[in-house]
Amino acid sequence: MSIKKIAWNGKWPKVQVALDVIHLKDALRIAKAANRAGVEWIEAGTPLIKNEGMRSVKELKRALPAAVVVADMKTLDAGAIETEIAFEAGADIVSISGLAHDSTIKGSARVKDRYNRRLMVDLLMTRSPVLRAREVERLGADIICLHTGVDAQKAMRSTLKLSPALSTLARTLKVPLAAAGGINPRLAPKLAAAGVKVLIVGGWITGSEDPYRAALDVVDSLRAEV
């Protein structure tokens, strides 16, 4: 399958909706609403992939062919195999875990080069995000994600913050920095101003009774900062 590699030209930041839902029908409904609101990057979340398989990636790409489809695989092993599976299903970007062994990340990077796509590495639960970010950048990551997970948010009663680590990564990485973890219209422009290039929004959109309006609120909050 030959798909043109995503160019980094164009306008930053990008909003990515994380479809961490269980059923494909819900994912498609939310994805279409978010895309109408101006969300360009559509993520098949890990729960969706585990429940619906690669069908979720295929159907999202079929429904929204102009969107950038991200497969959040959270791969820890067999990087080359899992990355190829996702690209064959139509993913433009595959996200794997920064906790994976270096050889796993290298394997994924080789596959993304062969497919002419992009690789995101998620720093969720890494002990030293700044150090690991620099390592995975050298290993071939095209995007690096600073991520506060849902369980951690609940346990700490806190979401992603404008931390020294985030500021350092935004300033020093050569590749785009993504951020995830409780992002809403109030936090999104602050993160963008700090240098975050990809704003990954989950529950604010997926948990809303009106995902179109929720997505538009995020998109409009960023336009207001331009």
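Q: Where is Lys-74 placed?
A: In this predicted model, Lys-74 lies in strand β3, which covers residues 68–75.

Q: What is the phi of Lys-74?
A: Start with the general idea: most residues other than glycine have a negative phi. Lys-74 is not a glycine, yet has a positive phi, near 50°. Its side is partly told by accessibility too: Lys-74 is partly exposed, with a relative accessible area of 28%.

Q: Where is Ala-78 found, and what is its phi?
A: Ala-78 sits in the loop between β3 and α4 (79–88). Its phi is positive as well, near 55°, again in a residue other than glycine. Ala-78 is partly exposed, at a relative accessible area of 33%.

Q: Which residues does the cis peptide bond join?
A: Most peptide bonds are trans. Here a cis bond joins Trp-12 and Pro-13, with omega about 0°. Pro-13 belongs to the segment before β1 (14–19).

Q: Which residues of helix α6 are buried?
A: The general idea first: an α-helix has 3.6 residues a turn, so residues three or four places apart point the same way. In α6 (residues 129–139), the buried ones are Val-130, Arg-132, Ala-133, Val-136, Glu-137 and Leu-139.

Q: What covers the buried residues of α6?
A: The cover includes helices α5 (102–115) and α8 (164–172), along with strands β5 (118–122) and β6 (143–147).

Q: Which residue just after α6 takes a positive phi?
A: That is Gly-140, with phi of about 120°.

Notes. Residues numbered from 1 in each chain as written. Predicted model: local features only at pLDDT ≥ 70, side-chain atom pairs only at ≥ 80, totals over all residues. Heavy atoms only, no water. Buried < 20%, exposed > 50% of the residue type's maximum accessible area, 1.4 Å probe, protein only. Helix = DSSP H or I, 4+ residues; strand = E, 2+ residues; numbered from the N terminus. Contact = heavy atoms within 4.5 Å.
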